[in-house]
Amino acid sequence: MSRLKLAVVSGFVTAFLLLIQVADAVDLSIASPLPTLRGSSWFGDSDYVCDDCNVLLISIDTLRKDHVGAYGYERETTPNVDLFAEQSIRFDDAISHAPSTLPSHASIFTSLIPEHHQAFKDLRQGLAPEATTMAEILYQDGFRTAAFTAGGQMQSKWGLDQGFDVYRYFTEPRTHTSRFSDIVDKADKWLDEFGDERFFLMLHTYEVHTPYTPPKRYLRMFDPDYDGPVSDEVSLEFLRDVFQNPVRKRLSEADRQHIIAAYDGEIRNMDDAFGDLLASLRVRGLYDNTLIIFTSDHGEEFGERGRVGWHSWTLYDELLRVPLVVKMPGSKFAGSVVAEVARGIDVLPTMLDVLGVETNTFMQGASLMDRLLNRRSDAVYAVSQRDIRRDPLPTAIRMQRWKLLDGALYDLAADPMERTDVSAQHPFIAEGLATQLALIRKHDSLPADLVELSEEDLLELKNLGYIQ
C-alpha cells in the first residue's frame, strides 16, 4: 500500500473514532452535530505532585460498586468508606479488566490488559518476570514496598510479588474469622517498623468473597426476619449446589435476599477494619501525606444471569463495575466526582503522576488526573477479558455509553442491564468499537509463565470457587 493510501486510511480511522467518541459523550445519534469535547479546550490545576508521599493501595476482592453507600446503596454497608469518599475523588464509572482475581490484579499492577500481561489462572499462567510492576517501579525509586494479601490467586507463585520487599499471603483454611481485620493487623505491625520510611503498601482481602459468614449482628441489621432454609453462614458448597442443580435447588426471592444480606454483612464488617486502618494512619501522622487508593478487582452475581454468589463467568457490568476512590495527599480535590470511564490500568499511571516518578515502562493506562482536570481530548476505552481456556478470548470494550461484548452492542444509557443487542440499529458504533479494540490488541503480549500447582493450591482454589 502506498504512503498516500496509508495516510488516507489512518485519517479515516481517526475521524471515525472521533465520531464514536462524540456519540458516547452525548445522548445524540452518530449523525448529530459535533459538540465541543470535554477536556479539549482547557487544562486544570496540576499542582498536586507530592514526591515525598507514601502510597496505600487497598483491594477488597469481589466488592460490587452498587453495594457501597458512597455510590448510592441504600443500606449502611460502608459508613467508613463513605466518610473517606467525602475526603477523596470518587470515580463513578470504574471498570475492571477481568471478572476474576489474578488477571484483574495483574492489570492493576502492570497497566496492561489481560491478554498482554498473560496472567491467567485457568491457563495456569502467572505474571512473567519480564513484566514491570508498580512495586518494582516504586522500589527502584526508593520506596519500601510491602503487600499483605489473602492468598488464593494472590499467592506469590502467580508472580504478583515482583518488586515487594515483603509479600505475605494468607495460607490457613478460610473460616468466619478470616477477615480484613487480619490483614490490617499485619499492616499495622509492618508500619510499626517501617512507617517512618517512604512506603508503598498493598492490602487485599477475600472477606466479602464467598463463603458469606458475616457477624450475626450485621446479618440481622440487613435481614432481621428471614426464617427460610438458607443458613446464616452461606457456604460455597451450598452455592455450588444451587448453581449445578438450579431446578432442584430453586431459590425463592426471600432466599436470594438473605444471601445478599449475608454479603452486605461481610462488607459492613470489612468497613469496620477499614475504619481502624484509617484511624491507625491518623494516629501515626501518615494519613495526610499518603495517596490512598480504595478499589476492587471485580463484582459478584446475584441473579442477574441466573447465578447467585458467583463471578468470572461473564463480562456483564455486575461483574465489571467496581468502586474506585482516590484520596490525594492533603485530601486535595476532596469531594470531586469523575463520571468518565476509569480503569484498573489507570491506577499505576496515576500513582506515578501524583508521586512525580518517571519511568520508560510501556503502560496502556493513563493518569486519572487527566480526567479529573480535563486534560484529555481523546476517548477512554476499557477492555475486559475472561480468564478461560478459549480462543478467541471473550472480550468486551466499552466507553461510558456504549459497550461491545463479543459482537453484541449495548446502549448502557438506555439498557443498563445489557439485555438488548442494538448493533443492527447502530452499525457504525459497533464497527468503530471493534476497530478500536483491534488497535488496542495489536500490542505484543508478554511471554506466558507456567505455574505448577500443588494439591493444596488446587484445594484452596476449589474452596474459593475457582475450580468446579
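Two strands count as paired if DSSP finds at least two bridges between them. The close-up views below come from a predicted model.

**View 1. Helix α6 packs against helix α9.** Helix α6 covers residues 180-194, and helix α9 covers residues 253-283. Their axes are 8 Å apart and form an angle of about 15 degrees. Angles under 35 degrees count as roughly parallel, and α6 is therefore roughly parallel to α9. The crossing of α6 past α9 is right-handed. On the α6 side, the contact involves F180, S181, V184, D188 and L191. These meet M270, A273, F274, L277, S280 and L281 of α9. Sorted by class, the residues of this contact are eight nonpolar, two polar and one charged.

View 2. Is D188 buried or exposed? Its relative accessibility is 18%. Buried means under 20% relative accessible area, so D188 counts as buried. The residue belongs to α6, and it takes part in the meeting of that helix with α9. Which residues touch D188, once neighbours within four places in sequence are set aside? They are S280 and R284. S280 is also among the residues of α9 that meet α6.

**View 3. Helix α2 packs obliquely on helix α9.** Helix α2 consists of residues 79-86. The axes of α2 and α9 lie 7 Å apart, at an angle of about 50 degrees. This angle makes α2 oblique to α9. From α2, the residues P79, N80, V81 and F84 make the contact. Their counterparts in α9 are R268, D271, D272, F274, G275 and L278. The contact contains five nonpolar, two polar and three charged residues.

View 4. Strands of a sheet pair through backbone hydrogen bonds, either parallel or antiparallel. In this sheet the pairing is antiparallel, and the strand order is β13-β14-β15-β16. Which strands lie at the edges? They are β13 (382-385) and β16 (408-411), each of which pairs on one side only. From one strand to the next, the twist averages 20 degrees.

**View 5. Strand β15 pairs with strand β14.** Strand β14 contains residues 395-398, and β15 contains residues 402-405. Three bridges join the two strands in the antiparallel sense.

View 6. How many bridges join β15 to β16? There are four, and the strands run antiparallel. W402 stands opposite D411 of β16, and L404 stands opposite L409 of that strand. A hairpin is formed by β15 and β16, with two residues between them. In its turn, D406 has a positive phi of about 45 degrees.

**View 7. The side chains of strand β15 point two ways.** In a regular strand the side chains alternate between the two faces of the sheet. From β15, W402 and L404 point one way, whereas K403 and L405 point the other way. All of these residues are buried.

How values were computed:
Residues numbered from 1 in each chain as written. Predicted model: local features only at pLDDT ≥ 70, side-chain atom pairs only at ≥ 80, totals over all residues. Heavy atoms only, no water. Buried < 20%, exposed > 50% of the residue type's maximum accessible area, 1.4 Å probe, protein only. Contact = heavy atoms within 4.5 Å. Axes fitted to C-alpha atoms, helices over the stretch in contact; angles between N-to-C directions. Parallel < 35°, antiparallel > 145°, perpendicular 65-115°, else oblique. Left-handed = near helix turned anticlockwise from the far one by under 90°. Nonpolar A, V, L, I, M, F, W, Y, C, P; charged D, E, K, R; others polar.
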